[in-house]
Amino acid sequence: MGFFINYGARVHMVITRTQYRLVQAVPLIPVGIAYGLSYLCPETPRYLVSKQLRQEGLDVLARLRGKAIDDPEITKEFAIIDVRERERATDLASVSHWTIFKETQTNPNYRQRFWLLIAMQTIAQWTGGNGITYYVTTIFQYAGVKDDGNSLVSSGAYGIVKLIFTMAFAWGLIDLLGRRRCTLVGLSLQLCAHIYMAIYMGLRPGSADNKDASNAAVASVFIYAVGWSIGLCTVPYLYGTEIFPTRIRNVSYAISMALHWFFQFAVVRVTPNMFVSLSVWGAYLFWALICFSGLVILGVWMPETKGVPVERMGDLFDGPWYLRWRARPREWDLDSPADVSQNVALKDGRV
């Protein structure tokens, strides 16, 4: 909608402060709607248990799993959550954020998880990430789309593709294909798009006698959108909430998201400069190299977390980091709450 609103403002309004204010103000409408609807979303079971709202937590857990409250699996999982939350509250009663951060770096299991998420956030943005989304109108013009109006319409179509595939990811692909496979497939699509664009921009940047190549360049932008939407545009948000125990999640996730926004600012800031100093094709070559590096690094380091309970995530990160690619999702048997609590404590080196 944002791209099409820009198009409408470009065609039907003169360039004034009012035009600028309109295109900046309209996005506040869906943001306001989302803010209002957020009050209809239930809190997580762990949060409710941490606030001593155990019955509400049990109701939400049963709703989340699509089972009855008295289902044996729900009873067992809720008991484990209850024990872990009691343990977490005891552990964090007098612990500072700095102490927790030091723990993430001194505990080998935690350290693997922390730096994996940092690597994911870094690779995500430096594959082009939001830099391409911010300047996609200019990129379509580089690809041979003529005049501002057509490039804005193409940008609107780009936004639709991103919306559709992000929704497909959130509502199905993430649990059908898994986090790891979505990430690697997405990076592969981004890599192919970047390679073609680098070759196209280096050899025939939008020449009039090269319509087929220009159309392929436009198509590669959409291929990039698909890869970005089902991969690193979305996976790190979910992955970061899954891999950490509640003891260190707040600090670890906050640091990763701070880095995410810093890199997003940096990429958006330097993208126009890269187009100029690297003659456009060099920028795509740089992004292609980051995608290739991401395929190697995450292909080796990133395990599949689909179906793995938070309480058993430490088992997934046992052993050397370079063997993570061998980890396979399976049915995880939950021990009794006392056993799980003891096993996690022993594993984390705190008992």
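Biologist: In this predicted model, what percentage of the chain over residues 251-272 is helix?

Modeller: The end C-alpha atoms of residues 251-272 lie 33 Å apart.

Biologist: How far apart are the end C-alpha atoms over residues 215-239?

Modeller: Residues 215-239 are 84% helix and 0% strand. The UniProt record, an unreviewed entry, annotates both 215-239 and 251-272 as "transmembrane region". For residues 215-239, the end C-alpha atoms are separated by 36 Å.

Biologist: Why does Ile-164 count as partly exposed?

Modeller: Ile-164 is a member of the surface patch and is found in helix H11. The partly exposed class lies between the buried limit of under 20% and the exposed limit of over 50%. Ile-164 is therefore assigned to this class, because its relative accessibility is 48%.

Biologist: Which residues does Tyr-284 touch, not counting those up to four places away in sequence?

Modeller: The largest nonpolar core has 63 residues, and Tyr-284 is among those that touch the most other members, as are Leu-116 and Tyr-239. With residues up to four places away in sequence left out, Tyr-284 touches Ile-139, His-194, Met-197, Ala-198, Met-201 and Phe-275.

Biologist: How many residues form the second, separate core?

Modeller: Its members include Val-49, Leu-58, Ala-62 and Ile-74. The number of residues in this second core is seven.

Methods:
Residues are numbered from 1 along each chain as its sequence is written. This is a predicted model: local features need pLDDT of at least 70, side-chain atom pairs count only at pLDDT 80 or more; totals for chains, interfaces and linings use all residues. Side-chain values use heavy atoms; hydrogens and water are left out. Patches are made of residues with over 30% relative accessible area and no salt bridge: like charges are joined within 9 Å, nonpolar side chains (Val, Leu, Ile, Met, Phe, Trp, Tyr) within 5 Å. Accessible areas come from the Shrake-Rupley method with a 1.4 Å probe; for residues, only the protein chains shown count as cover. A salt bridge is a side-chain nitrogen of Lys or Arg within 4 Å of a carboxyl oxygen of Asp or Glu. Helices (H or I, at least four residues) and strands (E, at least two) are DSSP runs, numbered from the N terminus. Buried means under 20% relative accessible area, exposed over 50%, partly exposed in between (1.4 Å probe, protein chains only). UniProt positions are given in the numbering used here, feature names are shortened, and annotations may be inferred rather than shown by experiment. A nonpolar core is a set of buried Ala, Val, Leu, Ile, Met, Phe, Trp, Tyr and Cys residues joined through side-chain atoms within 4.5 Å. Contact means heavy atoms within 4.5 Å.
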